[in-house]
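Hi,

Here is the structure I promised to pass on. Have a look at it first, and then read my notes below.

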Amino acid sequence: MIPTRRALIAAALAAPATACVQEIGERPLRGADSHPSGYPTVAAVDHFGRLISERTGGRLRLRNYAGGQLGEEKDTLEITIFGGLDINRVNLAPLNPIEPLTLVPSLPFLFRSTDHMRRSLDGVPGRTILNSLEQHGLIGLAFYDSGERSFYNTRSPIRTPADMRGLKLRVPTSDLYVAMVQALGASPIPLSYGEVFQSLVQGVVDGAENNWPSYQDSRHFEVARYYSLTRHVMAPEVLVASGRTWGKLSSQDRDILRAAATESVPFMRELWEARETTARRAVVEAGVEIVEDVDRPAFEAAMAPVWDRFITLPAQSALVEQIRGMA
Ligand code: GTR
């Protein structure tokens, strides 16, 4: 039976503070992902689970609830912080309201290439951001690729920011994304990922933005037939553990989890690259209009003011400088 959000939070709160490693060994670790089984993030976390199980002789196991069964990312993060979930794979966007350093890799036009993004997140800047989550009750284990996000909509091709005026566009629940879309003259509608398809069908929103695999896998392309390659954001996916669970693990088990998470990254990247190609092919074959002649410099210029609005702390500016220095 799938535990409900309420049951998970209740169980976490009822657990005595002395509940120990045995308690975790007696049940599988619980994980959540908003994507369905087979999606690269889910496959990577499954791989992480296999490694943990192998290396602890089956003492630790992971039951990963995919497909948003346990709720939207904003909610599962809350449950993870309470300790009702042990492992969670989310995008960086729902962490934006929780930790200001997570805003940095979510900035528009920050990363110059996939290689730049990977080097930054595999290096000191990435480690700094993962470590910053601990004070919020989360242990940052790894970053996964999430490609480049681009705008899609149900109405007409977008080539310049002027084409976006008046469009109602879904954004993740992050003020940074709200500001980015406002800066382009469109109306941002923050919604959870699971609500987007229905909102597109019903005309509650005219479009959204996402990477190739999500655009295809979520079937948003069936309704929003114009995909404009603005490639404005490369915010990664993040694998986190609950700080409460972490506190109950031995240091050997923590090392096993950390190593397994790190090893799941190259595994995920390979799946990701393949999936980007197949997703792109699938939407092209489905007759979607792919708009390649997008005026990216105009989008970059229009979105630039959000940098000053959201990068206000010295620690954020230091990260931006480090990341730029790695371009
Ligand atoms: C996807 C990401 C999800 C979710 C979604 C969204 O690219 O993998 O975790 O954040 O975007 O737009 O909400």
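Before the details, keep in mind that this is a predicted model, where local features need pLDDT of at least 70, side-chain atom pairs count only at pLDDT 80 or more, and totals for chains, interfaces and linings use all residues. Residues are numbered from 1 along each chain as its sequence is written, and side-chain values use heavy atoms, with hydrogens and water left out.

Let's start with the sheet. Five strands make an open sheet with mixed pairing, in the order β2-β1-β3-β10-β4. Helices (H or I, at least four residues) and strands (E, at least two) are DSSP runs, numbered from the N terminus. Two strands pair if DSSP finds at least two bridges between them. In general, strands of a sheet pair through backbone hydrogen bonds, either parallel or antiparallel. At the edges sit β2 (62-65) and β4, each pairing on one side only.

Now find β10 (residues 237-242). 6 of its 6 residues are buried, so the strand is largely enclosed by the rest of the structure. Here buried means under 20% relative accessible area, exposed means over 50%, and partly exposed is in between (1.4 Å probe, protein chains only). Glu 237, Leu 239 and Ala 241 point one way from β10, while Val 238, Val 240 and Ser 242 point the other way. Strand β3 (residues 87-91) pairs with β10 in the antiparallel sense over 5 bridges, and Val 90 has Val 238 as its bridge partner in β10. Strand β4 (residues 138-144) also runs antiparallel to β10, joined to it by 6 bridges. Tyr 144 has Glu 237 as its bridge partner there, and Ala 142 has Leu 239.

Next, the helices. α6 lies across β4 and β10, running at about 145° to β4. Angles like this run from 0 to 180 degrees between N-to-C directions, and axes are lines fitted to C-alpha atoms, for helices over the stretch in contact. Helix α6 (residues 124-132) also meets helix α14 (residues 314-325): their axes come within 9 Å and cross at roughly 150°. The two are therefore roughly antiparallel to each other (under 35 degrees counts as roughly parallel, over 145 as roughly antiparallel, 65 to 115 as roughly perpendicular and the rest as oblique). In this contact (heavy atoms within 4.5 Å), Val 124, Pro 125, Thr 128 and Ile 129 of α6 meet Leu 319, Gln 322 and Ile 323 of α14.

Last, the aromatic rings. Ring pairs link Tyr 152, Trp 212, Tyr 215, Phe 221 and Tyr 227 into a cluster. Rings of Phe, Tyr and Trp (its six-membered ring) pair if their centres lie within 6.5 Å; planes under 30 degrees apart count as stacked, over 60 as edge-to-face and the rest as tilted. By this rule the count comes to 6 aromatic pairs. One of them is Tyr 152 with Tyr 215, a tilted pair at 4.5 Å centre to centre and 35° between the planes. Tyr 152 lies in strand β5 (residues 149-153) and Tyr 215 in helix α9 (residues 212-217), so this pair ties together parts that are 63 residues apart in sequence. Both Tyr 152 and Tyr 215 are buried.

Happy browsing!
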